[in-house]
Amino acid sequence: METPGSQSSLHRANLERVVRAVRLAGSLTQAEIARTTGLSAATVSNIVRELKDGGTVEVTPTSSGGRRARSVSLSGDAGIVIGVDFGHTHLRVAIGNLAHQVLAEEAEPLDVDASAAQGFDRAEQLVSRLIEATGVDRSKIAGVGLGVPGPIDVESGTLGSTAILPGWTGARPAEELRGRLGVPVHVDNDANLGALGELVWGSGRGVKDLAYIKVASGVGAGLVIEGKIYRGPGGTAGEIGHITLDESGPVCRCGNRGCLETFAAARYVLPLLQPSHGADLTMEGVVRLARDGDPGCRRVIADVGRHIGSGVANLCNLLNPSRVVLGGDLAEAGELVLGPIRESVGRYAIPSAARQLSVLPGALGGRAEVLGALALALSEMGDSTLLDGTLPSLPLPSLRERMAPLPSR
């Protein structure tokens, strides 16, 4: 038995520190591990050798600063994680390994009026289909990250009443999916997962403080402070869409008037253009037409950018992030929307905060949330399970007996 403060317990703690650093980053050189963990280069070298001999990590030659180095990543067969993203009109699932490699990914339309139970049934079936297609061992599943388009109550795990998907209010997403898959499930809202995805794989790499702004059917923000998602005590931090811009403005779905969402979300913006561009116009279509030079679409996107910029300026004054990443279909508009955002930030934010801020489009597009779900699963798993060679599991119902055939796409 290890006793606190003993050499064996200290060694175990150092092993877990190294594994955690590599797990969260995907891959690090030994010098980077030393800087991240505070351990000496000699200690890191010995630990990496031990982990490699045990099959926990893989070491490959690389270069850093023009010098030869060794890149350390978790073994590709040490375990897998699953990401599930429920959107307003889609379901997306990805499977990845602990070395941050995406093994399979697929999306399919989701009926926005479907019940929560139907949605989770679809997710279960799609997960099973990808597992079968990749041939991964179910016993290797370390956990699942789940994204939903609404705030999650931190204490109860229930989906809040402001969720965009109708009929899901009060559902317990993690509990629902855990019962179907038999493995630990960690849930968060889609904006937070978009922030995680961009932080690990996209436009947020290299910074510790950022805001990910997602503009779709609603408007939300994922906030990263000191490298960690900030959710607030009730899980509702980042509801930037409900900042009041005009007390006499349109009535928002939250019950207030003139929220940012009523000036930027697709459900409010599209009706402005549909009389001249047709009832089938989508936000993706608006962006495409604007890029092609359509004056009405360009004007609407610029207006939306200025409104978003007002909200971002408030974030700058309160939190002083170093980077804002714009996600959703609107990000494809590039400088047509980013320019007006920066213009509003420059006008309404404290000058010192505005100077330090960079505003960038998301690099991951529609994949940001599902990749963030993978990152969530990676961040929540325990390092001791990797060192002991055991992964968590829960009692699993007879999955194949309960599965219904997927509807044709």
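Two aromatic rings, from Phe, Tyr or the six-membered ring of Trp, count as a pair if their centres lie within 6.5 Å. Keep that in mind for the next minute. The model above is a predicted one.

By that rule, the count here is three aromatic pairs. I will go through two of them. Phe-86 and Trp-168 make an edge-to-face pair, with 5.0 Å between ring centres and 70° between the planes. That pair joins distant parts of the chain: Phe-86 sits in strand E4, residues 80-86, while Trp-168 sits in the loop between strand E7 and helix H5, and the two are 82 residues apart.

Phe-86 has 0%, so Phe-86 is buried. Trp-168 comes out at 2%, so Trp-168 is buried as well.

Next is Phe-120 with Trp-168. This pair is tilted, at 5.3 Å centre to centre and 45° between the planes. Phe-120 belongs to helix H4, residues 116-134, and Trp-168 to the loop between E7 and H5, so the pair ties together parts that are 48 residues apart in sequence. Phe-120, with a relative accessible area of 0%, is buried. Put together, Phe-86, Phe-120 and Trp-168 are one aromatic cluster.

Now the nonpolar cores. In soluble globular proteins, nonpolar side chains tend to be buried together. The largest nonpolar core in this model has 44 residues. Which of its residues touch the most other members? They are Ile-33, Leu-51, Val-72, Leu-74, Val-81, Leu-98 and Leu-210. Several elements give two or more residues to this core, including helices H1, H2 and H3 and strands E2 and E3. Helix H13 gives the largest share, nine residues.

Take Leu-51 as an example. Leaving out residues up to four places away in sequence, Leu-51 touches Leu-15, Val-18, Val-19, Thr-56, Val-57 and Leu-387. Apart from this core there is another, of 41 residues, and its members include Leu-281, Val-286, Val-337 and Val-345.

Last, the surface. Ile-225, Tyr-230, Leu-318 and Leu-319 form a nonpolar patch there, with about 400 Å² of accessible area together. Leu-318 is part of helix H10, which covers residues 295-319. Why does Leu-318 count as exposed? Exposed means over 50% relative accessible area, and Leu-318 has 72%, so Leu-318 passes the cut-off.

Conventions:
Residues are numbered from 1 along each chain as its sequence is written. This is a predicted model: local features need pLDDT of at least 70, side-chain atom pairs count only at pLDDT 80 or more; totals for chains, interfaces and linings use all residues. Side-chain values use heavy atoms; hydrogens and water are left out. Patches are made of residues with over 30% relative accessible area and no salt bridge: like charges are joined within 9 Å, nonpolar side chains (Val, Leu, Ile, Met, Phe, Trp, Tyr) within 5 Å. Accessible areas come from the Shrake-Rupley method with a 1.4 Å probe; for residues, only the protein chains shown count as cover. A salt bridge is a side-chain nitrogen of Lys or Arg within 4 Å of a carboxyl oxygen of Asp or Glu. Helices (H or I, at least four residues) and strands (E, at least two) are DSSP runs, numbered from the N terminus. Buried means under 20% relative accessible area, exposed over 50%, partly exposed in between (1.4 Å probe, protein chains only). Rings of Phe, Tyr and Trp (its six-membered ring) pair if their centres lie within 6.5 Å; planes under 30 degrees apart count as stacked, over 60 as edge-to-face and the rest as tilted. A nonpolar core is a set of buried Ala, Val, Leu, Ile, Met, Phe, Trp, Tyr and Cys residues joined through side-chain atoms within 4.5 Å. Contact means heavy atoms within 4.5 Å.
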